[in-house]
Each structure stands twice: as structure tokens, then as C-alpha cells.
Amino acid sequence: MQKLPLCFFIVLFIPATSCLSQQLNVDSLVTELSKAKEDTNKVILYRMLAGTFRLTDPGKAIDYGKAGIVLGKKLGFDKGVAGCYLNVSACYGSAGKLDTSLSFIDTAIHYSHKVGEPNRLALAYLNRADIYRQLQYFTQSLKDCDTSLKYAEQVNSDDRRARVYQTIGSVYYHQDMYVQSSEYYNKAIALYRKFGNLQMSAIVLNNLGNIYKHTGSYQQAIENFTTAINIADSLKDLNNLAMYHGNLSDVYLSSGNYTTAEKYAGFAMQYAQQQNNEKQIAIAWEHFGKAYMKQKRIPEAIQAITKGFEIFQKLGDNDRINTAAEMLAEAYSLSGNYSKAYEFQKISRQVNDTLVKQRYDEDIAAMQTRFKVDEKDKEIQLLAKDKQLQDEKIKQQRFMLTASGAIAILALLGIGLLVSRYRLRNRMKELELRTRIAADLHDEVGSSLSSIHMLSQIAAKQTGSDATHKDVLERMSTNAKETMDKMGDIVWMIKPGESEAGSLKQRMERFIYEMCSSKNIEASVDLDELEKWKLTMEQRKNIYLIFKEAVNNAVKYSGTEKIEVKAGTHNKELTLLVKDQGKGFDPDATAGGNGLDNMKNRAQELNGRLKITSETGKGASIELAVPL
């Protein structure tokens, strides 16, 4: 099911509520910037201008933000650098360049930790949670929401709490969990109204309107969208006005009021063109096309949808390209132009193929988000049923092979036997994989779930102080997060259709940067060599777990200020080096500790070698060599 995007991206600077006052503010900032010396005040001006131009001119906003980053780094002004990175990330997010936005927000989080302000950290993690939400990485989004909420509690910020609740509501919305989504949206809007944030109240009303639309409550949807439009109009929030009018057009279309739907599509187009927002312009053309199709105005529908289709192709929006291509195929078919209908039907099929993997990833993420203890038994039962279906399918195939073999010559019978043996080997591999998944779930997740269960019983029975209850709940939260991390690793290790080498490199890079940033440790990472090789599931699993153990040990125990990680190839062997500059240790004296035995065992599984070099006071290095 396709859904209209939910408008929600947090920034450090919110535009003024009237065009005149905003222009005066911009002129004042530009004037001050031209007079400013090369000091921290100029960095702050760059940050403010980046926030001011975020919606009206993202390109200019990015230039201001990057200039602030350069000057802030030169001055060693970490607080200003963090703010500029946040605003540049928000600008790329507004422009739909989410991968670039994610890169900048990761760096913003690094600098925010250096500054150490809980309020800024709450905002940074919340921004990244929303990017993950838009990228459909729901588990990561919820984890960042949890982190942001903890920092929000430290500063007792209702604004940050409201935005966290809104993001969680959006995560549930995109998984069709409308009851949970409404619950968190209502929590958010109550807080926004409490401290008078009209702009965010309108956005949440729009999101609730989408829920009512999808559940068929059209009158309630219209009321929510109309209220959101009235608020946005009073604030001159032109960018969101385009989306709100488009959503209202869609509701009237769904309820059969095609003339009114066309009217509001026109308003959406007007506001989108004022902002020069290409995606909203294309969506408005799509609304026009739908209204024309319902009214049997086929030539006008083809013209409108084609304009939107061309913009979506330019933006690379595969979901929208697929929808527009299907609509054009239907329109050309109704017009009698079957060759064009076939052409667009073919485009739709091609684009749909590229979306299969993405939809699979969304299903996996949805399973992780909905994970509960009692549901896990059901999932294992489903695996057992799936195995029974596979067994039945194999029996049917064997019966057909036997019947064919009865009338075939001996040569064909021999070929049939070879095919049967091949399929049996594949079945054994499937059974082995399922056994390994069950073992991993039991070993990695079972103990954490048992701990959570026991802690919940302790919390229910304790009659101690709030501090005691809080300690138990924090331990439960820590165990739950560890369980989510372990589930993420297991799903990643067995996920089909993944580009193993690229996925391994990205996952390793993200892990070390997150670990090092939490301890202000410099990370030097060069893993490009991994992308040159196609690794098996066992290889990437063991390499990743050895890497995690080595980095964990270096971060927790070495006291180093820098960790170097490098991958290379030598004599048909893939090598991985993890080196720190910490206090070192005596490998013989610590045998069996810090997971060293686990790393050695995994190296043996890879038929590889693990070399541990360390001397007290001179750091440590762990080098893995894996035959290719």
C-alpha cells in the first residue's frame, strides 16, 4: 500500500511566521554576516542562515552551513560545528537526499558528544531517527528515539518528548499499525498544544488525517486536514501547505467528490510551484491525473500524469515512477492506444522488480519492530510449517520424477537420480540453516529475554523506592536494546539478496564509528578491499564477529585515543587488522579472557589465522588472515 509521506524533519532554526518579518530577519542576518569577523559569532550566523534558507533555498542553505563547518573547525568551535552539521543534514533531508543527510547527521552526533549538551544530543539523535524512519530502517529509528528520549528527560524538555513521540507514531504508521500510531501522535499533539507550537501541531494533525483516510473515516480525515491547512496558512508555512492540500484532494477523491478533489489539487500545485518543490509539483500532477481519470477525461489525465512521471524519473523516486507508469498504462488502454499502454506496463514491471528487495527489507524490519516474547514462539512454529510445506513439495517432485523415470530409458533414469541427489543436498543445506537460526535465536536472544522476564517480575514485586524501580527498569531497557542488536545481527547474517561485501563494509564502519564516538576515540578505517570479494554467509558472519570483539575490547579496556582498522589482500588471503595505541596486555597472561578464545575459534572456522600482538604499554594489534 502506498502512502503519502509524513512531513517531519527537526531543525535548529524555525522560519518566522510572516513573509515580511522573515525577509527582514534574513536581510539582518546577511548584513551582520558581511560585517562579522572570523570568530565564533560568524559561525553562529552561518548556522542561523542555513536554518533560515532550509525550505526556501536549500542549495544556498547548504553553502552557508558548510562555510560554518569550515570556520568552526578552524576555530575549534565544536558547538558551532555540531549546529552547522545538524542544519546541513536537515537541508539535505528536505531536498530528499536522505543518504547524504544521514552522513552529515552521523558527524553531527559525533561533535554533539564532544560538546556534551543533553539538549543538543536529544535533537541530533531525533533527527537521525527521522532519517532512518524515512529510509524504512525502523529498528534503528526506534533505537535512536529511545536514546533521544533519555536525553530529553535529562533536560526535562516537552518539545523533545513531543518530537520523539511523533517519530515513533510515524514508524508505526508506515507499518500499518494505526492504533499504536494514533496513540503516540495524540501524546505528541497534547505536548505541542501545551507549549503553543502551532506548526508541529498542524503536522501531527496531517498525520492523523492520513490514518483516518487509510481506515475509511473520510469526514474525520477532512476535518484534520482542514485544521492543519488553517494553521499552516496563518503561519505562511507554504511548503507544508502544498502537502496538506494534496492530502485533502486525495481524501475527496477516495470519497467520490472528484470536482472538489481537482480543486484542492490545484491549491497543492500553486503552493508547490511557489516553493519550486519538484516532488510536490509531481505529486500535484498525480492528484490531477487521478481526478481526471475518475471523470473519464482521459487526454487530460494522460497529460497530467506524464508531467508527474517525468519529474519522478528525474528524482529517481521508484515508488512514484511505478504508480505513475501503472496509471499511464491504464489511461492509454482506455484511450485505445494499446502500444503505449504496453510500453508503460513494461516500465511498471521493470521498476517493480527493483522494489522487491526493498519491500522484503521492510517486512524484516516490521518483524523486528513488532518483536515480543510470546510472538517468537509463533514465528518458530511458522518456520516448522514452512518446512512441512517444503517436505510436501519435495515429495511431489519425487513422485513426478519416479513416474517419468518409469517410462524413460536408463540414461534418463540416471540423470533423474543425479537431480534428486542435488535437490536432497539443497534440502539438507536448508535444514542446516534453519537449525543454525534456531540455535542463534536460543543462544543470543533466549538469555536476554529470560533476564527481561525475571527483571519484570522483580519490578512487579518490589516495594522499594523509585530509585530502585528505576534501576530495574534501566536494566530491562539495556537488556531489550541488546536483544534488538543481536536480532539485527542475526537477520543481517542470513538475509538473502544482500550485496554481502558492501553490506559487511558498511556495517563494520557504522559499528566502529558508533563505538568510538561514544568514547571520543579517533577511528581510522580503510575497508575498501572488502568490496572486491564476494564472501559467503559464514565468512562475513565470522569476520564481522571477530571484528566486533576486537573493537569492543579496544574501546572498553585499552584506554586508547585512536583505533586503526584496515582490510587488505595478500597471496589470495583477505587480511583484517585492528590496532590500538592503548596500554596493551600480555596475551599469555590473559588467555581465555576478553573473548580471545572466541576469536581464535571463529578464525579456525574460517580456516584462517589469528595473530595477536601486544606488549604492556605499547598497544595491541589483532590480525586475521582468511583464505579466499
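This is a predicted model: local features need pLDDT of at least 70, side-chain atom pairs count only at pLDDT 80 or more; totals for chains, interfaces and linings use all residues.
Residues are numbered from 1 along each chain as its sequence is written, and side-chain values use heavy atoms, with hydrogens and water left out.

The protein contains 23 helices and five strands, where helices (H or I, at least four residues) and strands (E, at least two) are DSSP runs numbered from the N terminus. Of the 628 residues in the protein, 47% are buried; buried denotes a relative accessible area under 20%, exposed over 50%, and partly exposed the range in between, with a 1.4 Å probe and protein chains only. Among the contacts (heavy atoms within 4.5 Å) with a separation of 6 or more, 65% are made by residues 24 or more positions apart.

Two packed helices are described by the angle between their axes and the distance between the axes. Here the axes are lines fitted to C-alpha atoms, for helices over the stretch in contact, and the angles run from 0 to 180 degrees between N-to-C directions. Helix α10 (residues 198–214) and helix α11 (residues 218–235) pack with their axes 8 Å apart and at an angle of about 160 degrees, and α10 and α11 are therefore roughly antiparallel to each other; angles under 35 degrees count as roughly parallel, over 145 as roughly antiparallel, 65 to 115 as roughly perpendicular and the rest as oblique. The crossing of α10 and α11 is left-handed, a term applied if the near helix is turned anticlockwise from the far one by less than a right angle, with right-handed used if clockwise. On the α10 side, the residues in contact include L198, A202, L205, L208 and Y212, which meet a set in α11 that includes Y218, F225, A228, I231 and L235. By class, the contact of α10 with α11 has eleven nonpolar, seven polar and one charged residues, where Ala, Val, Leu, Ile, Met, Phe, Trp, Tyr, Cys and Pro count as nonpolar, Asp, Glu, Lys and Arg as charged, and the others, Gly among them, as polar.

For helix α14 (residues 278–294) and helix α16 (residues 318–335), the axes come within 11 Å and cross at roughly 30 degrees, and α14 and α16 are therefore roughly parallel to each other. The crossing of α14 and α16 is left-handed. Residues I283, E286, G289, K290 and M293 of α14 meet R320, T323, M327, E330, A331 and L334 of α16, and the residues of this contact divide into five nonpolar, two polar and four charged.

Side chains of opposite charge can pair when their charged atoms come close. With a salt bridge taken as a side-chain nitrogen of Lys or Arg within 4 Å of a carboxyl oxygen of Asp or Glu, the count comes to 27 salt bridges. One of these joins R128 and D106, with the closest N and O atoms 3.0 Å apart; the pair links distant parts of the chain, R128 lying in helix α6 (residues 118–134) and D106 in helix α5 (residues 98–115), 22 residues apart. R128 is buried, at a relative accessible area of 7%, whereas D106 is partly exposed at 26%.

A salt bridge is also formed by E262 and R297, the closest N and O atoms being 3.0 Å apart. E262 lies in helix α13 (residues 258–275) and R297 in the loop between α14 and α15 (298–315), so the pair ties together parts that are 35 residues apart in sequence. E262 is buried, with a relative accessible area of 19%, and R297 is partly exposed, with a value of 25%. In the salt bridge between D159 and R160, the closest N and O atoms are 2.6 Å apart; D159 is buried at 16% relative accessibility, and R160 is buried at 11%. Further, K213, D250, E286, K290 and R320 are linked in a network of salt bridges.

Among the loop residues, F53 is placed between α2 (40–52) and α3 (58–75) and counts as buried at 10% relative accessibility. The C-alpha atoms of F53 and V26, which are 27 residues apart along the chain, are separated by 8.5 Å. Not counting residues up to four places away in sequence, F53 touches V26, P58, K60, A61 and Y64.

Most residues other than glycine have a negative phi, and most peptide bonds are trans. K572, although not a glycine, has a positive phi of about 60 degrees; K572 is found in the loop between β2 (562–570) and β3 (573–580) and is exposed at 69% relative accessibility. N607, also not a glycine, has a positive phi of about 60 degrees, lies in the loop between α23 (596–605) and β4 (609–614), and is exposed, with a relative accessible area of 64%.
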